[in-house]
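My notes follow the order in which I checked them.

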Amino acid sequence: MRIATPIVLTEEEKAELNKLVRSGCTSVRLAQRAQIVLLAADGMQNHDIAAQLGVTRALVGRWRSRYAESRLAGIERDLPRGAPPVKVDVAQLVELTTQSQPKAATHWSTRKMAAELGISAASVSRHWRANGLKPHLERSFKVSRDPKFIEKLEDIVGLYLSPPEHALVLCCDEKSQIQALDRTQPGLPLKKGRAATMTHDYKRNGTTTLFAALNVLDGKVIAQCQQRHRHIEWLKFLRKIDRETPKDKVLHLI
């Protein structure tokens, strides 16, 4: 035969519970729980308390046990509803996502990871976002094998971020096989009530090679177009840069 949990109250606890029962500001649920505890402290059994208050015996036993375990704090808050939340091992989730692949797939999905860990797909998605993980995306990269790559990188970045005094830093590049296109007829300019217009067709004037140097300080571009793309044309462009560089400046070409 099951025996109800005995309740022994101090004078202070009894006064506090009676105050909750009599107070008009106390919620109905809390007043009922306090009344259950007071009747239990008087030695009444659960079925008698349930019959007197018009509740179930299971409810009486539940709040009687909670008060015996946690005293007043145990009956002030409601019992949690539904299934207890599943704890997610975030470290394991991150390790599986970054260090492994699922069977017969190229990357993890929220549903595959949820089935692997026994949690919901929404939890997987939430923790992926929190850790900045996007396993469905890929980016390409190329690691340089140049043994002096770090030295060169620091030199170039240093020129961009902190150029020497009295120096001219130019970023040079070339682009070949640019199609020189032109419209078959001149366009009409913009005027009141009419947008600027141009013909729908165009004509090809061959290809050209563009050599350009960007001044990182003021954004000025030194440009030159050549018919061919050889070292000869490149040297012509470098000589043009040299002619336009002030004599009191030290030139750095990237």
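Is Thr 245 buried or exposed? I am working from a predicted model here. I read a relative accessible area of 7% for Thr 245. The cut-off for buried is under 20%. Thr 245 is therefore buried.

Next I placed this residue in the fold. Thr 245 sits in the loop that runs between helix H10 (231–244) and strand E4 (250–253). I then looked up its contacts, setting aside neighbours within four places in sequence. Thr 245 touches Leu 168 and Leu 251.

I turned to the helix pairs. I noted an angle and a distance, because two packed helices are described by the angle between their axes and the distance between the axes.

First pair: H2 and H4. Helix H2 covers residues 28–41 and helix H4 covers residues 57–70. Their axes lie 9 Å apart, at an angle of about 80 degrees. H2 is therefore roughly perpendicular to H4. From H2, I listed Gln 32, Arg 33, Ile 36, Val 37 and Ala 40. They meet Leu 59, Val 60, Trp 63, Arg 64 and Tyr 67 in H4. By class, I have seven nonpolar, one polar and two charged residues in this contact of H2 with H4.

The axes of helix H6 (residues 90–99) and helix H8 (residues 121–130) come within 11 Å. They cross at roughly 80 degrees, which means H6 is roughly perpendicular to H8. On the H6 side I found Val 90, Leu 93 and Thr 97. Their partners in H8 are Val 124, His 127 and Trp 128. I sorted the contact of H6 with H8 into four nonpolar and two polar residues, with no charged ones.

Terms used. Residues are numbered from 1 along each chain as its sequence is written. This is a predicted model: local features need pLDDT of at least 70, side-chain atom pairs count only at pLDDT 80 or more; totals for chains, interfaces and linings use all residues. Side-chain values use heavy atoms; hydrogens and water are left out. Axes are lines fitted to C-alpha atoms, for helices over the stretch in contact, and angles run from 0 to 180 degrees between N-to-C directions. Helices (H or I, at least four residues) and strands (E, at least two) are DSSP runs, numbered from the N terminus. Angles under 35 degrees count as roughly parallel, over 145 as roughly antiparallel, 65 to 115 as roughly perpendicular and the rest as oblique. Contact means heavy atoms within 4.5 Å. Ala, Val, Leu, Ile, Met, Phe, Trp, Tyr, Cys and Pro count as nonpolar, Asp, Glu, Lys and Arg as charged, and the others, Gly among them, as polar. Buried means under 20% relative accessible area, exposed over 50%, partly exposed in between (1.4 Å probe, protein chains only).
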